[in-house]
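Good morning, and thank you for coming.

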Amino acid sequence: MIDTSTIAGHGDQVRSLVKQVIIDTTPQTAWQGWASADGLTAWWNVPETNIDLRVGGAFELFFMSDGPPGQRGSEGCQYLGYVPGEMISFTWNAPPHLVRRTTNTWVAITFTAMGDNTTLVRLVHTGFLEGPDWDQYMAYFDTAWSNVLDLQMRHHAE
């Protein structure tokens, strides 16, 4: 079951961030980088994960695995849906230093073939509401998602 109790955003008035990058791999390979622990840790420096690829399954990345419970990373985040090789979606939370830490948003990533071995990765992080706390949440991920997609792009360029 997907826990929606921590998701404040709803309807079509939520704000979104959109990031995209073209990477040198197939859509299936790019998608797999978000669909398994091995795929994620191959390109993203995440010390520990709890990944359960199923609707409602865990999508937890522990950036600070030795931190106290609730402060280690994307604890409690879940897969919302996926289409193998095409799309993946999950809930997401703010880092511990932000006021909105316990309020989830959600991310949808699509993978579109652009040529023989290139893929457009388009990430939409949405569910942001209005107000200064939400502005800080959005601003943090405006930079963070650019860095994350750059990591994935560089991994496939090697």
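The model is a predicted one, in which local features need pLDDT of at least 70 and side-chain atom pairs count only at pLDDT 80 or more, while totals for chains, interfaces and linings use all residues. Residues are numbered from 1 along each chain as its sequence is written, and side-chain values use heavy atoms, with hydrogens and water left out.

A pocket, on a 1 Å grid over the protein atoms alone, is an open set of points where a 1.4 Å probe fits, with protein on both sides within 12 Å along at least five of seven lines; its lining residues have an atom within 4 Å of a point. The largest pocket holds about 300 Å³ of space, a volume being the space filled by probe spheres set on the points, which are joined across faces, edges and corners. Helix H3 (residues 132-157) provides the largest share of this lining, 7 residues. Helices (H or I, at least four residues) and strands (E, at least two) are DSSP runs, numbered from the N terminus.

Which classes of residue form the lining of the largest pocket? There are 13 nonpolar, 4 polar and 1 charged residues. Here Ala, Val, Leu, Ile, Met, Phe, Trp, Tyr, Cys and Pro count as nonpolar, Asp, Glu, Lys and Arg as charged, and the others, Gly among them, as polar.

The second largest pocket holds about 180 Å³. Its lining has no nonpolar, 8 polar and 3 charged residues; among them are Asp 3, Glu 75, Asn 93 and Arg 101.

The largest nonpolar core has 35 residues, and Trp 34, Trp 44, Phe 59, Phe 90, Trp 92, Ile 109 and Trp 145 have the most contacts inside it. Such a core is a set of buried Ala, Val, Leu, Ile, Met, Phe, Trp, Tyr and Cys residues joined through side-chain atoms within 4.5 Å. Buried means under 20% relative accessible area, exposed over 50%, and partly exposed in between (1.4 Å probe, protein chains only). Elements that give two or more residues to this core include strand S1 (15-23), helix H1 (27-35), strand S5 (87-92) and strand S6 (105-113). H3 gives the most, with 8 residues. In soluble globular proteins, nonpolar side chains tend to be buried together.

What span should H3 have? At 1.5 Å a residue, its 26 residues should span 38 Å, and the end C-alpha atoms are 38 Å apart, so the two values agree. The expected span is 1.5 Å times one less than the number of residues. The buried residues of H3 include Trp 134, Phe 141, Trp 145 and His 156. These buried residues of H3 pack against S1, H1, H2, S5, S6 and S7.

Is Ile 109 buried or exposed? Ile 109 counts as buried because its relative accessible area is 0%. Leaving aside neighbours within four places in sequence, Ile 109 is in contact (heavy atoms within 4.5 Å) with residues including Trp 34, Phe 90 and Val 121. Ala 108 also lies in strand S6, but Ala 108 is partly exposed, because its relative accessibility is 28%. Ala 108 and Ser 89 are 19 residues apart in sequence and 4.2 Å apart in space, C-alpha to C-alpha.

Two further residues complete the picture. Val 55 is in the loop between strand S2 (48-51) and S3, and is partly exposed at 49% relative accessible area. Beyond four places in sequence, Val 55 is in contact with Ile 2, Tyr 79, Leu 80, Gly 81 and Tyr 82. Gly 9 has its place in the segment before S1 and counts as buried, at 8% relative accessibility. Residues up to four places away in sequence not being counted, Gly 9 touches Val 14, Trp 106, Gly 127 and Leu 129. The C-alpha atoms of Gly 9 and Trp 34, 25 residues apart along the chain, are separated by 24 Å.

Thank you for your attention.
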